[in-house]
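Trainee: I've got the sequence and the model open side by side. Please pick one part and take me through it closely, then show me how other parts are put together.

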Amino acid sequence: MSVDVNDLIDMDRGRVDRSIFWNDDLYQLELERIFARCWLFVAHESQLSKPGDFVTTWMGEDHVIVVRDRSGVNQVLLNTCPHRGNRVCHAEVGQVRGFVCNYHGWSFGLDGKLRGVYEAPAFERTPGFDMGDIGLKTASVAAYKGLIFATFDPDPPTLEDFLGDFRWYLDVILDNDPDGTEFVGGSIRSVLACNWKIASENFAGDALHAGWTHESAAQALFGQSVPRLSDDPDSFAANVNGHGWEFNLDLVGNAATLGDRQILRYLREREREVTERLGEIRSRMVGSISSANVFPNLSFLPGQNAFRTWHPRGPRTSELQTWVLVNKGMPEELKVAYRKGAMRTFSPSGVFEMDDGENWEYSTQANQGFVTRNQPLYYGLGLGTEIEHPDMPGHVFRGQINDANQRAFYRRWAELLTDPPTAASGR
Amino acid sequence: MTGERARNVDFDAVLALEVAAFYALEARLLDGERYPEWLELLTADVHYWIPGVENRYRADRTCSYSADHMAYFDDTLEDLRMRVARFQSGAAFAEDPPTRHVHVVSNVEVEATPDPQELVAHSVVIDYRNRGDQVGDTLYGRREDRLRRVDGNLLIARRRVVLAHSVLPSKNLNTFL
């Protein structure tokens, strides 16, 4: 790389060089220094209730199996046979006793250890062959209140340190009920011709687009526009370690888009209990007009309860996987209402999401033009709005119509890209 | 299902043609974004369902799609009306200029049901979509409908579309299948 990453973003002025959405070398650097290093969301604990339960997912472009082993520990295994490299798991969800490679019959336990080989005597006669030396590459695994994260960093910070005080905000959705959360069944996957960062930064902080981009959905659902947010005195952007959450305190602004009275009643009825649990501010964030991103690529919408990851597929394409999060203790009919409502609003067929993809695709694809990608982008909205807040931790900014979280996202991005990996990384 | 069971022994050529013509009309309305007219082809109690499809092992007792899992559409008539209202709001910027659709419906098979007013129809739907100067994409799905005769006209009372895609090959599903 001949480019100095720090020359590509100027967050004091709020400027971004568009090559970060296009350049192949930068993309390879992202795979190494962000996706092979950060704690990445891989599954919800509710997807793995019994030993042998597994899901497969992506950490960057590395395919992994997330599986509960016989001792009840959640393992994250690189889905590639150490013999010739074939996948050892071809389903995206299910229940297994182990993993067997289709190519030469090598079999692995739920902990990733090599358990058996086909034509074993030939291997046993081979000098230096030791089953104990060979297995599926494992990642470090940790969970925060139901969300399982993994990292291939050989010397990672703790997940607690990685999330930092963002946990205070995460508790709004992960810990507003004593029984915790779960994913409803299944997930939906789709492909967007956009850079992963354009989607992630949108969820980290882009309240500005809500009223404009999503006018059609607001009209269809409510017969009126999304409320103007720029003068809302109780509206904020908060960020910690590059993670961002933009929000107001209207309790039900996002949730109202689900168009279901029983959901609104549920939120209002629980407000007092949530206040006792999390305090007044966070009790007003549970379903409010808001969006969030855990760096680098786990995004969610409080209120709609849509969770998603933007898996990078080269600098110009992303694969989106969407789930729906509900409180485990919620009545069944409410879980159904959330599942259907989240899909109707934020899935590839959702009336909100349908208007996002086109914007992000052209924000990416326009950069094919040499002159185009040499034009800087403006990220200066809300410069100088940082405040000290007595209750809210992290960097807090007045007004959710703000680029503050996007700037924090790119600061973190540049910090990681300019930090060379230690010798053992990715090995 | 045995070969004999799979074969439709009571083949009704006139009815099969009527259903095929009904689907051709429906496809033409969808291609023309004539969504309010399309809604008139549905019964008031319609259930319109396009489930998400997962890659699961054959031994898995859970099907690759199921009623309690996430779906692209899991809609009542009221839900479908809301979606049509979005298309018609004049603010669906991602649809302006419009997407060009070609819905192709084929492999139509019709089965009688115990209810003389209702029949089951199987079909395959393909939708080629093209926007702006992009290459476009093609969606494939197998449909099973419950059609009901109301005042002499066929209406869709239940539709299930099982896509051939575990990953939707594009950013959205901006039509009905």
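Mentor: Helices here are DSSP runs of H or I with at least four residues, and strands are runs of E with at least two, numbered from the N terminus. We're looking at a predicted model, where local features need pLDDT of at least 70 and side-chain atom pairs pLDDT 80 or more, while totals for chains, interfaces and linings use all residues. Residues count from 1 along each chain as its sequence is written, chains are lettered from A and ligands numbered from 1 in the order in which they are written, and side-chain values use heavy atoms, leaving out hydrogens and water.

Let's start just after helix α7 of chain A, where G223(A) takes a positive phi of about 70 degrees.

Helix α7(A), residues 215-222, and helix α4(B), residues 77-88, have axes 8 Å apart at an angle of about 135 degrees (lines fitted to C-alpha atoms over the stretch in contact, angles from 0 to 180 degrees between N-to-C directions). That makes the two oblique (under 35 degrees is roughly parallel, over 145 roughly antiparallel, 65 to 115 roughly perpendicular, the rest oblique). On the α7(A) side, S216(A), A217(A), A220(A) and L221(A) make the contact, with M82(B), A85(B) and R86(B) on the α4(B) side (contact means heavy atoms within 4.5 Å). By class, you get 5 nonpolar, 1 polar and 1 charged residues there (Ala, Val, Leu, Ile, Met, Phe, Trp, Tyr, Cys and Pro are nonpolar, Asp, Glu, Lys and Arg charged, the others, Gly among them, polar).

Within chain A, helices α5 (196-205) and α12 (404-417) come within 8 Å and cross at roughly 135 degrees, so they are oblique too. From α5(A), W196(A), K197(A), S200(A), E201(A), A204(A) and G205(A) meet N405(A), Q406(A), F409(A), Y410(A) and W413(A) of α12(A). That contact has 5 nonpolar, 4 polar and 2 charged residues.

Now the rings: over all chains there are 39 aromatic pairs (Phe, Tyr or six-membered Trp rings with centres within 6.5 Å; planes under 30 degrees apart are stacked, over 60 edge-to-face, the rest tilted). W106(A) and F123(A) sit 5.7 Å apart, centre to centre, with planes at 80 degrees, so they are edge-to-face. W106(A) is in the loop between β8 and β9 and F123(A) in α2 of chain A, so the pair ties together parts 17 residues apart in sequence. W106(A) is buried, at 4% relative accessibility. Y410(A) is buried at 0%, and W413(A) is buried at 0%.

Ring pairs also link a cluster that includes F41(A), F149(A), F183(A), W245(A), F307(A) and W323(A). L325(A), in strand β20 of chain A, has F183(A) and F307(A) among its contacts beyond four places in sequence, along with H44(A) and I173(A). L325(A) is buried, at 3%.

Note on methods:
Buried < 20%, exposed > 50% of the residue type's maximum accessible area, 1.4 Å probe, protein only.
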